[in-house]
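Hi,

Here is the structure I promised to pass on to you. Have a look at it first, and then read on for what turned up in it.

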Amino acid sequence: MADDPLSLTFAALADPTRRAILARLAEGAATVKELSEPFAMSGPAVSKHLRVLERAGLITRGRDAQWRPCALDATPLREVSEWAEAFRHFWEPSYRRLDAYLRHMKETE
């Protein structure tokens, strides 16, 4: 696997469990135990996912007494957004056609 930041971010986002963890962390910091609750997997399995997210720079881990809460760091997602923006001209016409079609459907109701 490449070690450039964009590749690390895409690799981390490729897994649905990691995306779900990021979605949860968007609501606020959480412990490994809290993050593992919605999944049918052990704490150590969730910890492996967290290491991938941490390596990609998508989460940070703090220290609060004996707990190590995880928090979202969305900074790497900006680079993903900027990369995807270069392709906007490919999908923008489709959205315009969809908007026109939906307006037409609404007018004919």
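Before the residues themselves, a word on exposure: buried means under 20% relative accessible area, exposed means over 50%, and partly exposed is whatever falls in between, with a 1.4 Å probe and protein chains only. Please keep in mind that this is a predicted model, in which local features need pLDDT of at least 70 and side-chain atom pairs count only at pLDDT 80 or more, while totals for chains, interfaces and linings use all residues. Residues are numbered from 1 along each chain as its sequence is written, and side-chain values use heavy atoms, with hydrogens and water left out.

Let me start with the aromatic rings. Rings of Phe, Tyr and Trp (for Trp, the six-membered ring) pair if their centres lie within 6.5 Å; planes under 30 degrees apart count as stacked, over 60 as edge-to-face and the rest as tilted. The structure has three such pairs. In one of them, the ring centres of Phe-10 and Trp-83 are 5.3 Å apart and the planes stand at 75°, so this pair is edge-to-face. Phe-10 belongs to helix 1 and Trp-83 to helix 5 (residues 75–85), so the pair ties together parts that are 73 residues apart in sequence. Helices here are DSSP runs (H or I, at least four residues), numbered from the N terminus. Phe-10 is partly exposed at 34% relative accessibility, and Trp-83 is partly exposed at 43%. Trp-83 also pairs with Phe-87: their centres are 4.9 Å apart and their planes at 55°, so that pair is tilted. Phe-87 is partly exposed too, with a relative accessible area of 33%. Taken together, ring pairs link Phe-10, Trp-83, Phe-87 and Phe-90 into a cluster.

Next, the charged side chains. A salt bridge here is a side-chain nitrogen of Lys or Arg within 4 Å of a carboxyl oxygen of Asp or Glu, and the count by this rule is four. Arg-55 and Asp-3 form one of them, at 2.6 Å from N to O. Arg-55 sits in helix 4 (residues 43–55) and Asp-3 in the segment before helix 1 (5–13), so this bridge ties together parts that are 52 residues apart in sequence. Arg-55 is partly exposed at 48%, whereas Asp-3 is exposed at 53%.

Which residues does Arg-88 bring into one network? Arg-88 bridges to Glu-85, with the closest N and O atoms 2.7 Å apart, and to Glu-92, where the closest N and O atoms are 3.0 Å apart. Glu-92 and Arg-88 are both in helix 6 (residues 88–108), four residues apart, or about one turn of the helix. Through shared partners, these salt bridges join Glu-85, Arg-88 and Glu-92 into one network. Glu-85 is partly exposed at 41%, as are Arg-88 at 35% and Glu-92 at 23%.

Finally, the interior. A nonpolar core is a set of buried Ala, Val, Leu, Ile, Met, Phe, Trp, Tyr and Cys residues joined through side-chain atoms within 4.5 Å. The largest one has 17 residues, and those touching the most other members include Ile-21, Leu-25, Leu-35 and Leu-50. Helix 1, helix 2 (16–25) and helix 4 each supply at least two residues of this core, with helix 1 giving the most, four residues. Leaving aside residues up to four places away in sequence, Leu-35 is in contact (heavy atoms within 4.5 Å) with Ile-21, Arg-24, Leu-25, Ala-30, Val-46, Leu-50 and Cys-70.

Enjoy exploring it!
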